[in-house]
Amino acid sequence: MMDFILETWVSSAIERSKAGWMLGKGKPWKPGDKLKLLFAGYNGTRNMGSDVRVEEMLRQLRHILGSDNVAFSVMSQNFKRSQGYFEDSAQVFLPDIFPPFLENEVPKHHGVVACEGSAFKSKFANALTTMMIGSLGIAAAQNKLSVGYGSEAGNMDPPIKKMCARYCRNSLVITRNEESRTVLRELGVPTELGTDTAWTFDPKPAAYGQKVLRDVGWDGTTPVLVVCPINPFEWPVKASVAKFALHGLTGAYKESHYRSVYFHNSGAAADRAYQHYLKSIANAVDAFRKRRKVFVILVATERLDARPANRISEQLGGIPVLSSDDYNMYELVSILRACHMMASSRYHGIVTSMPGLVPSAGITMDERISNLMRERGQEELLMNVDDLDLEPKLLAALEKLATEGERISDGIGRTVVKNLKVMARMGIYFEEEVQRRYPEFPTRKGEWSWEDYLPPMNGSLHGLVKAYA
């Protein structure tokens with residue numbers, strides 16, 4: 001019921017915005033103005049993946065369009081947690097109850113870029129997808145730039161699917177895989193094929209990550225295994241006024257409370273599946289470290305992941321847990337790339353480690369890691385969070401990381417460069433969409449190489465391009 005109310009509220013906001021625009025309310029972009037774009041996403045929660053994606057989006061599009069020609073704003077749910085991020089972009093506060101905010105904020109800009117990866121799916125939260133559709137829909141209703149950049153689509157509940165088909169048909173969604181294009185094309189949403197945008201991220205130097213590892217007990221020579229766990233069974237998050245009232249009155253639903261009126265999925269079945277997941281990872285890692293000399297750390301790339309990380313740490317006798325609550329994205333990615341092996345349920349844990357050629361295995365809850373491992377040609381390193389035989393599968397994968405690291409790293413390097421080229425093509429699509437919406441916008445002239453459509457890259461990425469392009 002709460003999802004339905006939210007969807008109806010946002011749909012009404014889109015219709016009102018369209019009517020207001022038709023009656024002359026609002027100002028379109030005109031030559032000489034800076035192009036004001038609002039980046040709509042799930043930022044300010046110390047979700048390292050979401051923040052890294054947006055950081056690189058901003059760098060790429062500012063590079064392509066010209067920093068003097070644009071003014072970018074980014075949504076944040078907590079300014080303190082996004083402090084120092086997003087270069088020269090302004091940050092605007094995104095409240096938990098967001099429909100009035102969208103109706104007021106989106107019209108202040110000349111376009112919207114939806115920058116959440118899991119933008120069009122019900123797996124995590126219908127509220128998040130509703131916010132993405134609302135942002136794009138209001139912009140499109142006012143004949144403004146309306147682009148989903150590096151987005152992914154999956155299974156959507158029927159009302160959300162209908163809403164997406166109705167309000168995103170005049171947007172352009174550049175997806176990060178072909179499967180997502182298929183989902184959106186069936187709804188009549190225009191698409192192009194792209195990728196994630198985290199590939200070009202430049203973290204702190206390697207020495208920083210190595211120092212942090214030494215500070216938590218690494219001897220400087222033993223191979224480091226990093227594990228990035230999640231609680232895959234607490235999704236989706238749903239709004240519930242009844243739970244919210246009981247929580248406030250009696251403290252009920254404390255464990256599943258997310259924030260405001262939103263609550264995680266919970267129940268006996270979810271608890272049993274979660275326990276199996278944690279125990280399987282802990283047992284596999286314990287068996288692996290008894291076979292081989294390794295230094296093990298756990299990294300929570302999202303603040304919520306500190307809970308499963310601490311649970312696994314307890315089962316393994318208290319190994320170090322490093323959290324995005326304590327390390328910013330530049331620091332955390334440096335730490336990940338200082339490691340020698342990875343097992344991760346976080347998609348961006350894997351993606352941000354790949355430019356460092358860290359051999360990795362994936363324990364997936366949805367299609368994102370599955371698609372990535374297939375692209376790498378390394379499906380033998382893929383497991384599902386609910387596999388009954390997760391423990392032996394993970395142990396076998398860890399052995400492959402230890403014994404076949406060079407082969408795995410080679411496949412990773414090729415995949416990174418392939419995705420850099422696709423990311424460059426995304427920039428071309430975006431530039432063309434700007435020209436279509438605003439023909440008088442001053443775009444670059446002359447001939448450009450594919451690398452010119454990427455943000456400035458560090459020496460390590462240039463080395464990969466030279467080796468694999």
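The largest pocket of this predicted model is lined by 16 residues, of which N231, E255, D271, Y274 and R307 lie nearest its centre. A pocket is here an open set of points on a 1 Å grid over the protein atoms alone, with protein on both sides within 12 Å along at least five of seven lines, and lining residues have an atom within 4 Å of a point. The volume of the largest pocket is about 340 Å³, a volume being the space filled by probe spheres set on the points, which are joined across faces, edges and corners. Helices α9 (268-291) and α10 (306-315) each supply at least two residues of this lining, and the largest share, four residues, comes from α9; helices are DSSP runs (H or I, at least four residues), as are strands (E, at least two), numbered from the N terminus. By residue class, the lining divides into four nonpolar, seven polar and five charged residues.

Residues are numbered from 1 along each chain as its sequence is written. Local features need pLDDT of at least 70 and side-chain atom pairs count only at pLDDT 80 or more, whereas totals for chains, interfaces and linings use all residues, and side-chain values use heavy atoms, with hydrogens and water left out.

When residues up to four places away in sequence are not counted, F430 touches L37, L61, L65, V113, L145, V147, Y149 and I174, contact meaning heavy atoms within 4.5 Å.

Across the whole structure, nine aromatic pairs are found, defined by ring centres of Phe, Tyr and Trp (its six-membered ring) within 6.5 Å, with planes under 30 degrees apart counted as stacked, over 60 as edge-to-face and the rest as tilted. W29 and Y438 form a tilted pair, at 5.6 Å centre to centre and 55° between the planes; W29 lies in the loop between α1 (2-22) and β1 (35-40) and Y438 in the loop between α15 and α16 (459-468), 409 residues apart. W29 is buried at a relative accessible area of 8%, and Y438 is buried at 7%, where buried means under 20%, exposed over 50% and partly exposed in between (1.4 Å probe, protein chains only).

Note on methods. 1 Å grid on protein atoms, 1.4 Å probe; cavity = no way out; pocket = protein on both sides within 12 Å on 5 of 7 lines; lining within 4 Å. Nonpolar A, V, L, I, M, F, W, Y, C, P; charged D, E, K, R; others polar.
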